[in-house]
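Biologist: Could you walk me through this structure, and tell me what stands behind each term as we go?

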Amino acid sequence: MTRGIVCLLGLALGAAAGVGVLYLNPLTEPRPPTFAEADRTFSYRFPESDALLFTHEGDGRLPVLPRGAEKLWENTITGAALLAVALHDEGGKAAVATRLSRPSPRTDFLLEGALLSDDWLITVPGEGSLFVRAENNLWPVVKDGVVPVWYLKRPWRGPTEYRPTEGPHPAGVAVVRGASGRFAGIEGTAVERYELERFGASGPEALTGELRLRLPQSLTVAEQQ
Amino acid sequence: MKAAFILSVIVGFAGVLAGAHFYPWVQHVRLPSRTSVVANGGRAEEFVIRLPADRVHGAGTAAAGLRGEARPAAARLPADLADGALLVEHFKVRDTGGQVIGVAARHWTDTPDGWAAAWALMIPGRGTLYLTGRGEGAARVDAALARAGFARGTPWSGELTVDLLDEGAGRVVGGSDEFERLVGTYGERWTVTSVAADGELAGTITLSTVTRAGS
């Protein structure tokens, strides 16, 4: 009896130590690539002002915007999220983007972090469209926001900057592929940056998102085909 | 007793780390792909969108016609995007058996090379497929409906087929995961069966893809 209790206590203590190590584990921190120069930078504010649509399974604490938008409740798309935002580039030109997100099967809380696969479709009216494929590590947001604010009921200690991009390019950046118009045949890379000003009961309450694109390599359409 | 305690601590510690590393934290439900092999190589697959049930969101400028009216109404484009030609639509996507398998975004705009449309189809268990093609002219569905007797503000029913892209006219340009190295062609057909008084379209969008492994 006593031995059983001691073993249970030992297991609990060991498990707690394991959780502590995972929480502070430097291996799951994003390793942001250096990306000082960008050929084009798009930014947006979320959720206020620039969010056209944000929908997902709808059962959690995150809101669905606008209220009444269709939720992604079917079991084959559980975990997926759709975000549509108005963007502005550094010159003030307006664009629109959709981000299709899903949790990545590469998620590994010991070595990689909480990974999200994001596919962006960005359209600049009058210019054309491009795709951006990104793998983002949201573990720092979980650690700084979700756990302390949602579960430990502590106040948000921000604002905080995040650079979540981890791939899929071997250099740890996202991959850009031009679709049409001025962007047709272009290939490049991208990184994301978030300035999270407030995180509360319903998740990010004031955030500036930034997508920095480098388009160094232009391919002709014939080459791409 | 002491040895049992230390062993238990080690087991608890190692168990948590092993679980964090080896447990499959993300497992998307995946339905069998309804693909068929085409005669000249490659595989064909159709994706279906049923309107209005599968429309998640749509918003556009006046150039987009009926399809540009914001649904939900609160999701309209901001003022600085209201000029010019732009249509942004989001849907749930089904396989040919009628099962929802993913979500999709469609963007349409004018470019220096003419009208252009682009799709991103995300099927969580498989990846995301990128499609791009020469887009339809402004308010093309409206024009076809008008020829079929539709008048704005009045309900209409019938069956109207509009090819926004002829079969094989669009290009599949890869994507992610299972779709990463695929290239090929696609067609986009809208079959409209009714229009409500408020302009809501009912019908089916069919995306027909033929793909093969690229480089």
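**Chain B, term by term**

Modeller: Let's begin with overall size: chain B has a radius of gyration of 23 Å, whereas a compact globule of 215 residues would have one near 17 Å. This is a predicted model, in which local features need pLDDT of at least 70, side-chain atom pairs count only at pLDDT 80 or more, and totals for chains, interfaces and linings use all residues. Residues are numbered from 1 along each chain as its sequence is written, while chains are lettered from A and ligands numbered from 1 in the order in which they are written.

Biologist: What is the radius of gyration of chain B set against?

Modeller: The radius is taken over C-alpha atoms, and the globule rule is 2.2 Å times the number of residues to the power 0.38. For 215 residues that rule gives a value near 17 Å, but chain B has 23 Å. The C-alpha trace of chain B spans about 85 × 45 × 35 Å along its principal axes.

Biologist: How many helices and strands are there in chain B?

Modeller: Chain B has 2 helices and 10 strands. Helices (H or I, at least four residues) and strands (E, at least two) are DSSP runs, numbered from the N terminus. Along the sequence the pattern is α-β-β-β-β-β-β-β-α-β-β-β.

Biologist: What makes strand 6 of chain B mostly covered?

Modeller: A residue is buried if 20 or more other C-beta atoms lie within 10 Å of its own, exposed if 12 or fewer, and partly exposed in between, with C-beta atoms placed from the backbone. In strand 6 (residues 114-123) of chain B, 9 of the 10 residues are buried. For chain B as a whole, 45% of the 215 residues count as buried.

Biologist: Which strands pair with strand 6 of chain B?

Modeller: Two strands pair if DSSP finds at least two bridges between them. Strand 5 (residues 100-111) of chain B pairs with strand 6 in the antiparallel sense over 9 bridges, and a hairpin of 2 residues joins them. Strand 7 (residues 127-134) of chain B is also antiparallel to strand 6, over 8 bridges. There, Trp119(B) stands opposite Leu131(B).

Biologist: How do you know which residues of chain B touch chain A?

Modeller: Two residues are in contact if their C-beta atoms, placed from the backbone, lie within 7 Å. On that basis, 56 residues of chain B are in contact with 59 residues of chain A. Helix 1 of chain B supplies the largest share of chain B's side, 13 residues.
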